[in-house]
Amino acid sequence: MSQARQIHLKSPAELEQMREAGRINAMVLKSVKDLIQPGITTAELNAAAEVVLEKHGCISPFKGYGQPPFPASITVSVNQELVHGIPSEKRKLKSGDIVSVDCGTIYKGFVGDSAFSAAVGNISEETQKLLDATEGALKIAVEKMQPGNRTGDISAAIQQYVESRGLHVTRVYTGHGVGKQMHEEPQVPNYGVAGQGLPLRPGMTIALEPMVLVGTSATRVLSDQWTVVSADGSLTAHFEHSVAVTENGPLVLTDL
Ligand code: MG
Ligand code: MG
C-alpha cells in the first residue's frame with residue numbers, strides 16, 4: 001500500500017473535534033506555562049497538567065505510552081534534554097534554565113499534540129535566540145501547510161530557517177500525522193528537500209515540531225530509556241502545533 005493511502009483525511013466535522021482536542025491541549029500547556037518559575041519541580045508541572053485534563057474529562061496519550069510505559073501526562077525536558085523528559089519531584093527548575101513541555105490530549109477519540117519551550121527566570125541573549133529560532137521555525141512550517149505544497153517543503157523550510165541561524169535540527173525525531181492516533185502517517189522530518197515528499201491535501205492533519213540543538217544534530221537517549229539529550233550537552237528547544245491543511249490554508253488546531 002502506498003504511504004498516501006494510509007493517510008486519513010479528516011472531514012470538517014472531524015476537524016472541529018480535533019480543534020476542541022487541540023484547544024484543551026492548549027489550556028493544559030497554558031496552565032503549565034503559568035507555573036514555570038525557579039523552584040518548581042517538573043512533577044508539580046505534570047500534576048497541574050493532570051488537573052486541567054481531568055477537568056475536561058480528558059487523558060493524555062503519553063501516559064502508559066511505549067516501553068517502558070511513559071509514567072506521566074506531559075514530558076518536561078530541561079536544557080540539554082531535547083524531548084521525552086520524565087517529570088520528577090527531584091527535578092527543580094532554576095533561573096537560567098530553559099524547559100520544554102510537550103502534551104497530548106485525547107478528546108472524543110481525537111488527539112491534540114503540542115509543545116513549547118520557555119525560559120525559567122532570566123536567560124542569556126544566546127539562549128533567547130535559540131527559543132526564538134525554534135518558535136520561528138514552527139511559524140514558517142505552519143505557513144507551508146497549503147494544498148499543493150509537499151511535505152518536503154515543510155521540512156526544507158524548517159531546516160533552512162534553523163541552519164541559517166547557525167543552529168541544528170534533529171535527524172532522528174520527526175513531525176507526524178495526528179488524528180485518532182497520536183502518530184499517524186506521514187512523517188515530516190525537520191530536514192529535507194523542497195518539492196519532494198507527499199502532496200498536502202485538505203483534511204490532512206500534521207503535528208509540526210521543530211526540535212533544535214545548539215551544538216550539533218546528534219542526540220542520545222538516557223538510561224531511563226526515554227529522555228533524549230543533545231550528545232554534546234548543548235542547549236535544545238522544541239515547539240509544536242497540530243495543524244490541518246484546509247482549502248483556505250493552514251488551520252492551527254492547538255491554539256487557545
Ligand atoms: Mg508532542
Ligand atoms: Mg508530536
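A pocket is an open set of points on a 1 Å grid over the protein atoms alone, with protein on both sides within 12 Å along at least five of seven lines; lining residues have an atom within 4 Å of a point. A volume is the space filled by probe spheres set on the points.

This is a predicted model, in which local features need pLDDT of at least 70 and side-chain atom pairs pLDDT 80 or more, while totals for linings use all residues. Residues are numbered from 1 along each chain as its sequence is written, and ligands from 1 in the order in which they are written.

**View 1. Largest pocket.** The volume of the largest pocket is about 460 Å³. Its lining has 22 residues, and Tyr65, His84, His176, His183 and Glu209 are the closest to the centre. Strand E7 (residues 184–188) gives the largest share of this lining, 3 residues.

**View 2. Site of the magnesium ion (ligand 2).** Asp113 (OD), His176 (NE2), Glu209 (OE) and Glu240 (OE) are the protein donors, 2.1 to 2.2 Å from the ion; donors are N, O and S atoms within 2.8 Å of the metal (3.2 Å for Na, K and Ca). Asp113 also coordinates the magnesium ion (ligand 1), 3.1 Å from ligand 2. Because Asp113 lies in strand E4 (residues 110–119) and Glu209 in the loop between strands E8 (205–208) and E9 (211–213), the pair ties together parts 96 residues apart in sequence.

**View 3. Second largest pocket.** The second largest pocket holds about 290 Å³ of space. Among its 15 lining residues, Leu29, Lys33, Ala115, Phe116 and His241 lie nearest the centre. H1 gives the most to this lining, 4 residues.

Definitions and conventions. Heavy atoms only, no water. Helix = DSSP H or I, 4+ residues; strand = E, 2+ residues; numbered from the N terminus. 1 Å grid on protein atoms, 1.4 Å probe; cavity = no way out; pocket = protein on both sides within 12 Å on 5 of 7 lines; lining within 4 Å.
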